[in-house]
Amino acid sequence: LHVRHHNRETYSMSTFTFEASTGDILLRENPADMSSTGSKVWPSSMVLTRYLQKNRSKFNFPGKRVLELGAGCGLPSLYLGTVGADCTMTDLNSVIYLLNSNTQLNSHLFNPHPVKVVEYGWGTDASFLNPPYDIVIGCDVVFKLDLIEPLISSLLQVTTSSSSIFISIEIRDPSVCNVFFQELEKHFQVSKIPKSRLDPIDKAEPVSVFSLKRL
């Protein structure tokens with residue numbers, strides 16, 4: 001997977017092309033929008049997307065129901081939509097416009113399921129999302145202490161013991177991450193994906209991918 005940036009100085013939005021094996025995924029981001037961390041495509045989402053592509057045959061994505069929490073610009077879900085997964089991307093209202101835009105830009109790649117966009121805040125009732133999901137993903141979702149409990153609540157609401165969960169994070173505040181994993185391990189078995197299983201170009205990235213299973 002390769003990235004080609006296309007900055008447009010006349011707009012606060014910028015776009016780039018993420019070259020996947022299934023076709024070019026065009027993404028819009030808005031780095032100038034300081035109201036939300038979800039308005040930028042972070043390295044953690046690229047690392048997770050490349051990991052999912054590298055292990056595509058192992059996970060057998062076609063037909064799997066996928067939920068992304070805190071989707072931001074939505075790269076991993078958009079990729080999974082191109083390989084036949086039934087994806088739902090969720091985030092707060094402040095970045096829904098980016099998810100809608102990126103979904104529309106890539107709608108011609110989705111087969112056979114359209115990628116859905118839904119507003120959802122962690123810790124609130126998730127029953128309207130029609131859980132459980134086969135796969136749940138999140139990128140850079142661990143950055144504030146007060147979001148840990150709501151995030152874990154949502155993970156518990158949308159998964160069962162048969163669900164696969166992937167969390168990709170760049171550890172910026174070790175103290176926050178330590179609390180997150182302490183709380184997480186009360187409900188989930190947590191395994192760090194070895195660097196050898198990531199895409200070779202990501203081995204030097206300061207990003208870790210974790211696999212979770214309900215206890």
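Set aside the neighbours within four places in sequence, and Asp86 is in contact with Lys64, Arg65, Val66, His113, Pro114 and Lys116. This is a predicted model. With Lys116 there is also a polar contact, side chain to side chain, at 2.5 Å. Asp86 has a relative accessible area of 18%. The cut-off for buried is under 20%, so Asp86 counts as buried.

Now follow the chain from there. Asp86 belongs to strand 5, which covers residues 86–91. Strand 5 pairs with strand 6, residues 116–119. The pairing is parallel and runs over 4 bridges. Between the two strands the chain passes through helix 4, residues 93–105. This β-α-β crossover is right-handed. Within the pair, Asp91 stands opposite Glu119 of strand 6.

The largest nonpolar core holds 38 residues. Ile25, Leu48, Tyr51, Leu52, Phe61, Leu80 and Phe166 touch the most other members. Strand 5 and helix 4 each give two or more residues to this core. So do strand 2 (14–20), strand 3 (23–29), helix 1 (43–54), helix 3 (75–82) and strand 7 (135–139). Helix 1 gives the most, with 5 residues.

Take Leu80 as one of these members. Beyond its neighbours within four places in sequence, Leu80 is in contact with Leu52, Phe61, Val66, Ala85, Cys87 and Ile137. Val66 is also on the contact list of Asp86.

Key:
Residues are numbered from 1 along each chain as its sequence is written. This is a predicted model: local features need pLDDT of at least 70, side-chain atom pairs count only at pLDDT 80 or more; totals for chains, interfaces and linings use all residues. Side-chain values use heavy atoms; hydrogens and water are left out. Buried means under 20% relative accessible area, exposed over 50%, partly exposed in between (1.4 Å probe, protein chains only). A polar contact is a pair of N or O atoms within 3.5 Å; within protein, one must be able to donate a hydrogen and the other to accept it, and residues adjacent in sequence count only if both atoms are side-chain atoms. Contact means heavy atoms within 4.5 Å. Two strands pair if DSSP finds at least two bridges between them. A crossover is right-handed if, with the strands pointing away from the viewer, the path from the first strand over the helix to the second runs clockwise. A nonpolar core is a set of buried Ala, Val, Leu, Ile, Met, Phe, Trp, Tyr and Cys residues joined through side-chain atoms within 4.5 Å.
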